[in-house]
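Subject: Structure for your review

Dear colleague,

Please find the structure below. My notes on its ligand site and pockets follow.

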Amino acid sequence: MLVRVKQDWELRERDVTPERLYLNRRRFMAGSAAALALAPGMAFAAKYDDVAPSPFSTDEKLTSFDAITRYNNFYEFGTGKEDPAKYAHNLTTEPWTISVEGECHRPGIYGLDDLLANQDLEERIYRLRCVEAWSMVIPWVGFPLADWINTFEPTGNAKYVQFDTLYRPSEMRGQKRGFIDWPYQEGLRLDEAMHPLTLIAVGLYGQTMPKQNGAPIRLVVPWKYGFKSIKSIVNVRFTETQPETAWNKENPREYGFYSNVNPDVDHPRWSQKSERRIGELRRRTTLPFNGYGEQVASLYAGMDLRKNY
Ligand SMILES: Nc1nc2c(c(=O)[nH]1)N[C@H]1C(S)=C(S)[C@@H](COP(=O)(O)O)O[C@H]1N2
Ligand SMILES: [Mo]
């Protein structure tokens, strides 16, 4: 019997973490002729492996795929950090529709596949800073939310945009309990929503979005605390007045509407001055606007950010 010895580059699918596939792809794209020759033997089948990198990206070291997909906040699946990885597989994400409502000229119920059919995607490496004072660096795949907002044509009355997460307790076991007044909702002022850093993400590490990270689509607003980056969105609503948001309703003293990362304003229960980057030992100093101040500080010119926290 002929036993073929596997080359070490012939990784079997189940041996290979998406992170390794991704790094292989990176190396491959950086690529020598030798790497090109090896490519067919490598078992990568990521859906978004040819997405163009965005100049908006940070070049900081990426958090591992393992941490990004096993240490999550997604209360629809429970309040424990590992609950989303355990239970989110129950979520049906196909088909998926988005209902567009309120102050816009193109309201309606859109199939996600149709909305994404001609959408340009890019890869953006953004920091995510949780209000609990940990952070990660994640290679998202997505597109500017502004693309969709332009498609839906807000009216002159639209000043804000609100988003709702799916409400489906049969698949989202956390919704059988009331930690949050379901559905989870978030909102942005229209100029924040239109800012080129504000992303609708459809994937990460070159793959479609893992369910625990908010499949099939979620918001990523990198200068705000993570809870603004709402997952598994089904409603987009343009409003004239500041919309309700889940955490602000739950505890307005701790969670304001703006929720810009602000090391100078302590959270009522802890300091905001430093953070623990997942995978690192020493704490880091937290930067205003999570390090995106140069791009976004002007949105808040003249506002008292202690009051508008
Ligand atoms: N629908 C919904 N979106 C959500 C949350 C949630 O509980 N439900 N948690 C938020 C919080 S607090 C953070 S820090 C980020 C975490 O994103 P990640 O788990 O993909 O890293 O998702 C945000 N989006
Ligand atoms: Mo968070």
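A pocket, on a 1 Å grid over the protein atoms alone, is an open set of points where a 1.4 Å probe fits, with protein on both sides within 12 Å along at least five of seven lines; its lining residues have an atom within 4 Å of a point. The model is predicted: local features need pLDDT of at least 70 and side-chain atom pairs pLDDT 80 or more, while totals for chains, interfaces and linings use all residues. Residues are numbered from 1 along each chain as its sequence is written, ligands are numbered from 1 in the order written, and side-chain values use heavy atoms, without hydrogens and water.

The second largest pocket is lined by 18 residues, with Lys47, Leu112, Asp113, Leu116 and Pro216 nearest its centre. Its volume is about 390 Å³, taken as the space filled by probe spheres set on the grid points, which are joined across faces, edges and corners.

The largest pocket holds about 470 Å³ of space, and 28 residues line this pocket, of which Asn73, Phe74, Cys130, Gly226 and Phe227 lie nearest its centre.

Ligand 1 sits in the largest pocket (more than half of its atoms lie within 2 Å of the grid points). Around ligand 1 are 15 residues (a heavy atom within 4 Å), the closest being Asn72, Tyr75, Glu76, Arg218 and Lys231. A polar side-chain atom of Asn72 is 2.8 Å from an oxygen atom of ligand 1, and one of Glu76 is 2.8 Å from a nitrogen atom of the ligand.

Yours sincerely

How values were computed. A polar contact is a pair of N or O atoms within 3.5 Å; within protein, one must be able to donate a hydrogen and the other to accept it, and residues adjacent in sequence count only if both atoms are side-chain atoms.
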